[in-house]
Amino acid sequence: MVRGIEALDRKLLRDFARLWAQFLAIALVLAGGVAVLLMSFGMSRALEETRDTYYERNRFADVFVDARSVPQSMLQILREIDGVTALEARVTSHATLDIPGKIDATVAYVASLPTGEPLLNLPLLRMGSWPDPAAIDEVMLNAPFGEANGLYPGDEISAVLNGTKRRLTVTGWALSPEFIYTIGPGSLVPDNENYGILWMPERALAALLDRTGAFDNLTLKLRPDARPEPVIDALDRLLEPYGAWGAIDRSEQVSNAFIDGEITQLRTLAYILPPLFLGITVFLVNMVIGRIVFLERAEIGLLKALGYSNGAILFHYLLLAGLVASVGVVIGFAAGSWLSYGLARLYARFFEFPYLIYNISWNTYLVAGLLGIAAATVGAARAAWRAARLAP
């Protein structure tokens with residue numbers, strides 16, 4: 001019986017070597033499904049973990065609200081809302097910039113910086129320094145905008161704020177979790193050359209906008225167990241007399257909503273493309289193994305006459321399909337890991353993440369490998385069962 005099993009093993013290797021071109025084609029199709037599965041899950045998980053870590057480290061807010069003008073005295077009342085652990089008031093505005101050497105008008109969103117370190121939505125300094133809290137003509141730019149316009153620390157720009165034109169000096173570049181995906185008014189995609197983010201000391205910006213002792217933008221951090229809906233209802237009720245435009249939670253914040261949508265689309269690929277590749281694999285394996293069984297009917301009958309069991313014949317053809325699947329899974333693992341990491345880096349650069357956290361769990365590899373082997377096994381099952389039932 002041992003010699004018989006060894007003989008079937010030698011036949012298995014001979015069949016694989018004889019039909020290597022067909023089996024390689026099937027393996028490549030299966031590898032495509034495995035690679036796409038690893039790529040989509042790897043990319044989406046890397047981006048999601050990178051974004052979540054970025055949010056946590058830089059204290060991305062949970063609730064956002066804009067109003068016309070709210071007195072600073074309201075902050076004590078707002079702090080008492082159940083579920084709120086931290087809040088930060090800001091003065092904000094849009095400004096028209098005059099950049100040296102540039103003909104087209106440029107628009108920027110200007111946000112105030114407190115005297116100390118911001119409690120929420122902490123900008124991450126990438127170049128230069130923070131503006132001096134006592135300065136009236138210093139600003140910090142978001143890094144993509146500064147790079148697109150060639151504005152470096154020490155350069156000067158002009159800005160029209162509240163009808164007043166001011167000469168401003170760039171002190172540095174920064175990134176912020178609040179402005180990962182920056183979209184200007186009326187735009188559908190980011191335009192880093194014509195729309196940017198500026199941070200300016202609160203005292204200077206409030207004086208320019210006639211909002212000393214008041215604020216128009218509020219961000220809040222909630223307890224981990226707090227639901228945003230009651231907090232939003234309380235904010236809308238308290239800030240309605242001050243022209244509040246309706247509070248929103250993190251899911252509706254523009255930058256985060258676009259990133260969420262992109263990650264969801266990437267994850268959706270895993271549910272659309274891999275089944276297509278694996279379905280084609282089932283069809284190809286069934287066709288090739290079925291043809292092999294038809295051509296080897298006489299040999300199978302002779303093997304059965306010599307005492308080979310139905311199980312041995314069945315296992316032989318399933319093992320042939322499994323060998324093809326193993327080649328495809330290995331190729332898919334290599335291609336999927338390479339594509340996943342490469343595309344995750346591209347997305348991280350596109351979103352201007354300050355770093356990339358990349359890690360594909362062994363569960364993903366296990367699921368992808370099992371699905372590939374299962375597809376080949378299902379494809380070969382009918383032909384292998386037919387071979388096992390042939391009479392001696």
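Q: Which strands each supply at least two residues of the lining of the largest cavity?

A: The strands are β2 (84-90) and β4 (106-113). Strands (E, at least two residues) and helices (H or I, at least four) are DSSP runs, numbered from the N terminus. This is a predicted model, in which local features need pLDDT of at least 70 and side-chain atom pairs count only at pLDDT 80 or more, while totals for chains, interfaces and linings use all residues. Residues are numbered from 1 along each chain as its sequence is written, and side-chain values use heavy atoms, with hydrogens and water left out.

Q: Which residues line the largest cavity?

A: The lining consists of Glu88, Arg90, Ser112, Leu113, Pro114, Pro118, Leu120, Asn121, Pro123 and Trp199. By type, 6 of these residues are nonpolar, 2 polar and 2 charged; here Pro and Trp count as nonpolar, as does Leu, while Glu and Arg count as charged.

Q: Where does Asn121 lie, and is Asn121 buried or exposed?

A: Asn121 sits in the loop between β4 and β5 (124-128). Its relative accessibility is 4%, so it counts as buried (buried is under 20% relative accessible area, exposed over 50%, partly exposed in between, with a 1.4 Å probe and protein chains only). Phi of Asn121 is near 50°, a positive value in a residue other than glycine.

Q: What is phi of Glu352, and where is this residue placed?

A: Phi of Glu352 is near 60°, again a positive value in a residue other than glycine. Glu352 occupies the loop between α9 (310-350) and α10 (362-388). With 27% relative accessibility, Glu352 counts as partly exposed.

Q: Which residues are in contact with Met43, leaving aside its neighbours within four places in sequence?

A: Contact means heavy atoms within 4.5 Å. Met43, in helix α2 (residues 20-57), is in contact with Leu38, Leu266, Ser340, Leu343, Ala344 and Tyr347. Met43 is buried, with a relative accessible area of 3%. The C-alpha atoms of Met43 and Val65, 22 residues apart along the chain, are separated by 32 Å.

Note on methods
1 Å grid on protein atoms, 1.4 Å probe; cavity = no way out; pocket = protein on both sides within 12 Å on 5 of 7 lines; lining within 4 Å.
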